[in-house]
Amino acid sequence: MIDWRRAARAAVHGPSVTYGVIALCCAVFLISPLSGLNPVYGTGDALLAAQDAYFRRWGVVPAELMNSEPHALVTPLTALFVHGSWLHLLGNMLFLYVFGAMAEERMGHLEFALFYLGCGYLALLAYAAAHAHSAQTLVGASGAISGVLGAFLYLFPKARVTSLFPFLFFLPLRFPAWIVLVFWFVLQWLAARTAGSGPGVAYLAHLVGFGVGFLYAWGRFRGRATVKAQAAAPEGESQP
């Protein structure tokens, strides 16, 4: 028999925002035309047209956002819950699962939720400002999750995480978080130097989100002890 009161308390005291965001992103993707599983959107050209319309309705179009078109001002929030492919979704949700729970526990549910949305909005806004004339649509939670990574680096620099490095034949190895996250940041910075404004990964949004998250954690928790014990380690795998 299920003790629903105990289950409810566990949901409240656990990383409910992190798990809620993961569940919402997965649900949005499954019912959208992007998953290819919803028969409402048809197949072939009809499905492609529905996907394009979906991106433009819920994603960020920099040119429209920079022109302050009313509907575009909300898209940096809605775009956080839209993902372009299964790989895009699963990669982002894996990072959020690995790093989000401990950050949420340290900040609290409401603060973490506002922090997540704020980092995501600012990251996408910064990308749009840097590509103000672009008509390419930008979607995904990467900017917000990058903010979580930045905060995690400040709050839990020595927590150990399991990582898969391609150049080490994808062997699962455990490293202190600061090594994994600094390595990830350097990769994003190097990629951003050669990235254009066309289709692809919005590395600039990752860098801005990471920076905002780190600075927020530094300003918010400066003077308090950061968690350095290696025992408090997040479980899961991350691929920088």
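How many residues of α8 are buried? In this predicted model, 14 of the 14 residues of α8 are buried, so the helix is mostly covered. Helix α8 runs over residues 142–155. At 1.5 Å a residue, its 14 residues should span 20 Å. The end C-alpha atoms of α8 are 20 Å apart, which agrees with that expectation.

The chain holds 10 helices and three strands. Along the sequence, the elements follow the pattern α-α-α-α-α-α-α-α-β-β-α-α-β. Of the 240 residues, 42% count as buried. The accessible surface comes to about 12,400 Å². Carbon and sulfur atoms account for 67% of that surface. Among contacts between residues at least 6 apart in sequence, 75% join residues at least 24 apart.

The largest nonpolar core has 56 residues. Within this core, F99, Y116, V148, F152 and L181 touch the most other members. Two or more core residues come from each of α2 (16–31), α6 (86–107), α7 (109–130), α8, α9 (177–194) and α10 (203–221). Residues up to four places away in sequence aside, V148 touches L96, F99, G100, A103, F112, F115 and Y116.

S32 is found in the loop between α2 and α3 (44–58). S32 counts as buried because its relative accessibility is 2%, against a cut-off of under 20%. A polar atom of the S32 side chain lies 2.8 Å from the backbone oxygen of F29. Beyond its neighbours within four places in sequence, S32 is in contact with N38, Y41 and Y54.

Methods. Residues are numbered from 1 along each chain as its sequence is written. This is a predicted model: local features need pLDDT of at least 70, side-chain atom pairs count only at pLDDT 80 or more; totals for chains, interfaces and linings use all residues. Side-chain values use heavy atoms; hydrogens and water are left out. Helices (H or I, at least four residues) and strands (E, at least two) are DSSP runs, numbered from the N terminus. The expected span of a helix is 1.5 Å times one less than its number of residues. Buried means under 20% relative accessible area, exposed over 50%, partly exposed in between (1.4 Å probe, protein chains only). A nonpolar core is a set of buried Ala, Val, Leu, Ile, Met, Phe, Trp, Tyr and Cys residues joined through side-chain atoms within 4.5 Å. Contact means heavy atoms within 4.5 Å. A polar contact is a pair of N or O atoms within 3.5 Å; within protein, one must be able to donate a hydrogen and the other to accept it, and residues adjacent in sequence count only if both atoms are side-chain atoms. Accessible areas come from the Shrake-Rupley method with a 1.4 Å probe; for residues, only the protein chains shown count as cover.
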